[in-house]
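Visitor: I would like to learn how to read a sheet. Could you walk me through one?

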Amino acid sequence: MKLKITDIDALIVVDVQNDFMPGGALPVPEGDKVVEPLNKYIEIFEKRGNPVYFTRDWHPENHISFKGYGGIWPPHCIQDTEGAKFHPDLKLPLDNKFIISKGTSRDFDAYSGFQGTILNELLKERGIKRVFVGGVATDYCVKNTVIGALNLGYQVFVLEDAIKGVDVNPGDSEKAINLMLLKGATLTHLNDLK
Ligand code: VGL
Ligand code: ZN
């Protein structure tokens with residue numbers, strides 16, 4: 001399938017942060033493999049002047065999603081730490097770049113980049129109708145961001161060659177992909193874009 005990127009398109013890069021990479025606090029197996037393909041998508045969108053949104057998990061140190069504070073996850077992506085920084089090789093363009101922090105207050109978690117953020121307003125302001133989503137983790141923040149976008153009426157393309165999942169239970173990522181498709185998302189690859 002060939003897709004032409006136009007003014008109604010935006011790229012959303014989900015949570016490509018050190019703590020989600022191998023060796024990090026909440027590692028996604030092969031999470032670092034999304035960086036190279038994402039950089040190619042970023043270049044395509046940036047060259048055309050299309051906006052690129054980078055979501056990040058940005059938790060206080062006593063966040064409710066953490067073990068010991070009522071949650072299931074090891075502490076991760078604590079505000080202003082190394083682990084919360086974007087992967088060093090991720091190309092953060094100077095122009096058309098927007099950082100969306102989520103899960104920022106102690107008592108709320110957010111798997112979706114739309115939850116508790118102004119991402120929807122930013123997209124609407126620019127007349128964006130279609131979003132292309134990649135990053136980590138397929139079975140958590142990618143899934144919830146994609147479904148959030150679908151529920152808000154966006155057409156959503158999932159970058160199949162630029163996502164990786166945690167798979168706490170084997171098959172979680174596959175299930176997540178099937179659910180995103182069922183809800184109306186489309187799988188896309190680098191060579192589909194022209
Ligand atoms: C995520 C678990 C906890 C994610 C964030 O980015 O997918 N997963 N916090
Ligand atoms: Zn988190």
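**Reading the sheet**

Guide: Leu159 stands opposite Thr188 in β6. This is a predicted model, where local features need pLDDT of at least 70, side-chain atom pairs count only at pLDDT 80 or more, and totals for chains, interfaces and linings use all residues. Residues are numbered from 1 along each chain as its sequence is written, chains are lettered from A and ligands numbered from 1 in the order in which they are written, and side-chain values use heavy atoms, without hydrogens and water.

Visitor: How many bridges join β5 to β6?

Guide: Strands of a sheet pair through backbone hydrogen bonds, either parallel or antiparallel. Here 3 bridges join β5 to β6 (residues 186-188), and the two run parallel. Pairing takes at least two DSSP bridges between two strands. Strands (E, at least two residues) and helices (H or I, at least four) are DSSP runs, numbered from the N terminus.

Visitor: Which strand pairs with β5 over 6 bridges?

Guide: β4 (residues 130-136), in the parallel sense; β5 spans residues 155-164. Val136 stands opposite Lys164. Phe132 has Phe157 as its bridge partner.

Visitor: What is the order of strands in the open sheet?

Guide: The 6 strands run β3-β2-β1-β4-β5-β6, with parallel pairing. β3 (97-102) and β6 are at the edges with a single partner strand each, so one side of each lacks a neighbour in the sheet.

Visitor: Which β-α-β unit holds α4?

Guide: A crossover is right-handed if, with the strands pointing away from the viewer, the path from the first strand over the helix to the second runs clockwise. β5, α4 (residues 172-182) and β6 make such a right-handed unit. β4, α3 (residues 138-151) and β5 make a right-handed unit too.
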